[in-house]
Amino acid sequence: MHAAKHHRHLYTVEQVRALDRRAIDELGMTGFELMSRAAAAAFAHLCRHWPQARHIAVFCGPGNNGGDGYLLASLAHDAGMMVEVVELSDEPHGDAARARDAWQRHGASTRRWQPDTTLPRADTYVDALYGTGLNRAPEAAIADLIECINASATPVLALDVPSGLNADTGHCPGVAIRAALTVSFIAAKRGAHTGQAASKVGVLQLDTLGLPDVLWQNVHADASLLEPSCLPPRERDAHKGDAGHVLAIGGDHGTAGAIRLCGEAALRGGAGLVSVATRIENLMALNAARPELMAHGVHGPQELQALLDRADVLAVGPGLGQGAWGHALWLTALDSGKPLVLDADGLNLLAREPRRFAAPAVLTPHPGEAARLLGKTIADVQWDRFASARALAQRYGAVVVLKGAGSLIADPNGRLDVCIWGNPGMASGGMGDLLTGVIAALLAQGCSAWDAARMGVGLHARAGDIAARNGERGLLASDLLEPLRALSNGIERD
Ligand SMILES: NC(=O)C1=CN([C@@H]2O[C@H](COP(=O)(O)OP(=O)(O)OC[C@H]3O[C@@H](n4cnc5c(N)ncnc54)[C@H](O)[C@@H]3O)[C@@H](O)[C@H]2O)[C@@H](O)CC1
Ligand SMILES: [K+]
């Protein structure tokens, strides 16, 4: 059963535990009853997703996630399926022990996992090894089991969260189950939506176990899922001045393409005017490729100043370089105090010379840039993307888009949205330049930094998904420009 209004809310593991406790303390449920509902919900999803399944194997861990598994095995057995349970050597306790007793009364096949044994044959595997209680990397014997499950051709239903994935952060401390379907119970865990989760969860379903709406009332959620949005239609009497003037700054020797893509994306994102400040050598190519861009060759700060005075919003960084030319333009641009979007070398320069932003600012780092901005390693950043995005927003006084699968948008007050659109085809050159341009265009059209970042990330990712319908491999950044325009106008073509 779905309660749509809770679907947008994402919770930390601690918040999910508080919800579980609330169901027990305030709704008078028992933990075992919740476990029974979780098992029944997951079994229903299994039957819906794999209607042909007659033979299942359930892998049960020692905690309540394993308890869900034993009860699901019992239900499947009662329904006439062939069921095998594979359990770990750790003894279950509490409700999980009771669930195991219930399963054992069925007298059906149960065996302990031993390395070097073969996995049971089945139509579907059920992963009930670890859920929200995962507190370290699975040790060798269990890692071996997880790898065998992943290597088999049998599709996996993960209960609550794929085992090995940290439901809080989206990070896998070791190996993790690659599920075809994950049925998450009671509340959406934030870690299932970003980072390594993207390759683990498969189809993600939330089941609220038939609990009443009061359960979620006044319970704070940590983050939200991004919803599709675009600006309202233009006024009929609009003129180009109403839609703002973006100045894109970058394109050092050999990187003219980056600033061109950024400028084009600003045009497609609806900016009224887009100027480009770049190396003189890029002018001919830019004018020929996209005459709507007003390209200016600049040697240094003086020429840039005149352009800055006319601009409403700056997009600083695509192809900027970190040499003397790029640094001088960067400094002049930031000192202008104009609202801006900072990307690529704009961010690398910021890591060298940190400052906080007073005017609306959006930073769009990928994990490598984020690591430099935080003075950490990429692994540190990815260990907890939520904490990293929030730390960046606070440190720099800006809205931050932490890119990568499940992009996060964070503001200095701790607000955080997660984007679940986008695809691996977008891991290619020029995609970031487009995002910078779109966000700048939205700022220029009057959005706050928070709204421009959220809307821009959503439009960009959804445009990527539309463009990838012809295949992810070989997707070009410029393929996104046409769908970007459609989506910016609220049009989605199938
Ligand atoms: N508490 C509740 O009210 C409900 C809980 N439910 C289920 O319970 C799960 C949470 O249960 P638990 O908190 O018992 O936690 P888990 O079942 O996720 O795992 C906890 C157990 O695994 C061990 N463990 C964790 N990581 C390990 C590792 N890497 N290697 C070896 N052992 C490891 C822990 O020491 C502990 O014994 C949820 O994900 C959900 O599936 C559901 O039944 C619905 C209701
Ligand atoms: K699991």
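Predicted model: local features only at pLDDT ≥ 70, side-chain atom pairs only at ≥ 80, totals over all residues.
Q: Where does the largest share of the shell around ligand 1 come from?
A: Residues are numbered from 1 along each chain as its sequence is written; chains are lettered from A and ligands numbered from 1 in the order in which they are written. Helices (DSSP runs of H or I, at least four residues) and strands (runs of E, at least two) are numbered from the N terminus. Both α2 (31-49) and α3 (64-78) supply at least two residues of this shell, and the largest share, three residues, comes from α3.

Q: Which residues come nearest to ligand 1?
A: A residue is near a molecule if one of its heavy atoms lies within 4 Å of it. There are 20 residues around ligand 1, and those that come nearest are N65, D68, G131, R136 and D160.

Q: How many residues of the shell around ligand 1 are charged?
A: Ala, Val, Leu, Ile, Met, Phe, Trp, Tyr, Cys and Pro count as nonpolar, Asp, Glu, Lys and Arg as charged, and the others, Gly among them, as polar. The shell has seven nonpolar and eight polar residues, and its charged residues number five.

Q: What share of the area of ligand 1 does the protein bury?
A: Polar contacts (pairs of N or O atoms within 3.5 Å) include one between an oxygen atom of ligand 1 and a polar backbone atom of N64, at 2.9 Å. A polar side-chain atom of Y130 lies 3.3 Å from a nitrogen atom of the ligand, and a backbone N or O atom of T132 lies 3.0 Å from an oxygen atom of ligand 1. Taken alone, ligand 1 exposes 870 Å² (Shrake-Rupley method, 1.4 Å probe), and the protein buries 84%.

Q: Which strands are the edge strands of the open sheet?
A: Strands pair if DSSP finds at least two bridges between them. The sheet has twelve strands with mixed pairing, in the order β8-β1-β10-β19-β18-β17-β16-β15-β14-β11-β12-β13. Two of them pair on one side only, β8 (188-189) and β13 (294-297).

Q: Are V399, V400, V401 and L402 of β17 buried or exposed?
A: Strand β17 (residues 399-402) pairs in the parallel sense with β16 (residues 361-363) and in the antiparallel sense with β18 (residues 408-410). V399 and V401 lie on one side, V400 and L402 on the other. Relative accessible area under 20% counts as buried and over 50% as exposed (1.4 Å probe, protein chains only). Both faces are covered, and these four residues are all buried.

Note on methods
Heavy atoms only, no water. Polar contact = N/O pair within 3.5 Å; in protein donor to acceptor, adjacent residues only side chain to side chain.
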